[in-house]
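Dear colleague,

Please find below the structure that I am handing over to you.

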Amino acid sequence: MTDQEQAARHDPIYDRLHATPEFAELRRRYRGFVFPATVAFLAWYLLYVILSTWAGDFMSTKLWGNINVALVFGLLQFVTTFGLAWMYARFSAAKLDPLARQLEAEYRKGDDA
Amino acid sequence: MDTQLLTTFLFLTVVALTIGITFWASRQTKTAADFYSGGRSFSGFQNGLAIGGDYMSAASFLGISGAIAVYGYDGFLYSIGFLVAWLVALLLVAEMLRNAGRYTMADQLAFRMSQRPVRTAASVSTVVVSIFYLLAQMVGAGSLVALLLGVDSQAIKNITIIGVGALMIFYVVVGGMKGTTYVQIVKAVLLMIGSALIVVLVLAEFNFNLSDLLGAAADNSGKGEAFLQPGLQYGASLTSQIDFLSLGLALVLGTAGLPHILIRFYTVPTAQDARKSVLWAIGLIGAFYLMTLVLGFGAAAMLDRDQVDPLEGGNQNLASPLLAEAVGGGEGSTGGAILLALIAAVAFATILAVVAGLTLASSSSVAHDLYKGVIKKDEPVSEHDEVRVARIAAFVIGAVAIALSIPAQRLNIAFLVALAFAVAASANLPAIIYNMFWRRFNTRGATWSIYGGLIAAVGLVFFSPVMSSLPTSLFPDSDWAIFPLNNPGIISIPIGFLLGYLGTISSREPAAEDRFTELEVRALTGAGAEQAVKH
């Protein structure tokens, strides 16, 4: 597809929605959550991988019975994954979905007009 | 009781059930949207189950428990990487993709870029990733069936691979996305129930004391304490340590670039449902990987050691079915025979569901991206014609996968899957992320990152010890392994991102930037997104 064709498909209503303060707020909230969260869980996961590789003595420390730090650390990755997923579900339902719905309704209205 | 008879009966039951579902689904598949996306009418919960069914592959069920049984703690890394990876899909990909695309991964790139180059690139990488992944599943099927028939016959393995290939072609050609989804839902339920049953029986043997189970696993493994600590598989040298890091990166970044997972987000009516599906999937998959931990250590603790021999590449994958036999009372007992047959049937259902998803993803991309978007770009293509091409593509891809699976049988299947993840993370993820978040990103950036990541990942594997130089290599008698790592991710993923960046800044494409406004609004709000089909 040529540039002209790409441009021809463009619907100006998207420019109007994009310029609204609601959209700016939606994008700010979305990015404000997912960017730090992604950095955090990737760093936490890489810490686990690096400790498993280069801190064998620490990871092999026995906590109780045959349960060692490595196992607990691994299981904590499960806990943080479930926890972050749950936090995002709550956050997006409360802070993102209402704004997204409002903008989508404006799109439908504008499209009919 | 005759295990083989019972097993054969259960296998045939699974096959009959899935064939029935497929015929039923075929009656509801009329339009292209039905074929590619099941009419976008699945609920978040249904799709969450189907994602679980698509993702918890034979490589997980057989491969990870086998890796834990042989290498102890190091096998657990696969589970953790495979699970944490879902956060990338949840936070950055699922909802935006649902809103921006239509049927394939390429759609969201083609939204603001030149159709031909990006569709071609995305289609090539979709097919390559899917074929790597297909090999893993089909190799697993071959060794599983050979075990159950009690003969280590190459002919039986080959016949099984051909049979599984024929079934997956059937599911996709006849049932499309709807049939494939229901097969995956049924499989997810069977797999969770089957695994939970064995896990409870294993834990009961150790009075539900995890520490005792781990102790018994360490003792019986012959490796002692080291079995419960990281490093057994990867700790030997700096090279293998870096290999481990490389594997870890590919696992966590690969999921959100797997084409058969990405197209699942199109099967629900809204982005909110796509989010719900991922949340359900995370719950299911997390629970499942916790169970593989018990299965793997259980196999290490309870099996006769010569049955789980790391040097016998194929046998490692059989840890779970053999464990089922052991907890049922051991070889020759009625309980053992029943549980072995049951778990084997579950594993078989698992393989069928995953291969169907992969075949669908790659044939959709060939029809929708290559045929409609590139070859017939300037002519109208009827939906009927497009779906016909998708069905033909399913045949061809199935045949290629069968032909390649037969020589690939020497490789560990969890490892084959890890390679598919490395390719997905290097070739697909950079383009997807840049496209959603970077206004400047353009056609050249997309094609460079896809081809660059793909060539880097596949090329590095080709020159790695996986292919040559070691007794475990595909070609053990030759040596062209100039790259020391088995896992290419640590090099190929940065290459994918870097080339996406360089391609973009070396070219100007104003239209792609203008269209980003539209993409952003649509991705975040759902304004103008594809609607569910109403019948």
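**Findings**

Among contacts in chain A between residues at least 6 apart in sequence, 60% join residues at least 24 apart. Please bear in mind throughout that this is a predicted model.

Chain A contains five helices and two strands, and its elements follow the order α-α-α-α-β-β-α from the N terminus on. Of the 113 residues in chain A, 26% are buried.

Turning to the interface, 47 residues of chain A are in contact with 48 residues of chain B. On the side of chain A that touches chain B, at least two residues each come from α1 (3–8), α2 (13–19), α3 (21–54), α4 (56–59), β2 (67–68) and α5 (69–112) of chain A. The largest share, 16 residues, is supplied by α5(A).

Within chain B, one helix pair deserves a separate description. Helix α3 (residues 44–55) of chain B packs with helix α8 (residues 154–205) of chain B at an angle of about 80°, and their axes are 7 Å apart. Because angles of 65 to 115 degrees count as roughly perpendicular, α3(B) is roughly perpendicular to α8(B). From α3(B), the residues Q46(B), L49(B), A50(B), G52(B), G53(B) and D54(B) take part, and they meet T181(B), Q184(B), I185(B), K187(B) and A188(B) in α8(B). The residues of this contact between α3(B) and α8(B) comprise four nonpolar, five polar and two charged.

With kind regards

Methods:
Residues numbered from 1 in each chain as written. Chains lettered and ligands numbered in written order. Predicted model: local features only at pLDDT ≥ 70, side-chain atom pairs only at ≥ 80, totals over all residues. Contact = placed C-beta atoms within 7 Å. Helix = DSSP H or I, 4+ residues; strand = E, 2+ residues; numbered from the N terminus. Buried ≥ 20, exposed ≤ 12 C-beta atoms within 10 Å, placed from the backbone. Axes fitted to C-alpha atoms, helices over the stretch in contact; angles between N-to-C directions. Parallel < 35°, antiparallel > 145°, perpendicular 65-115°, else oblique. Nonpolar A, V, L, I, M, F, W, Y, C, P; charged D, E, K, R; others polar.
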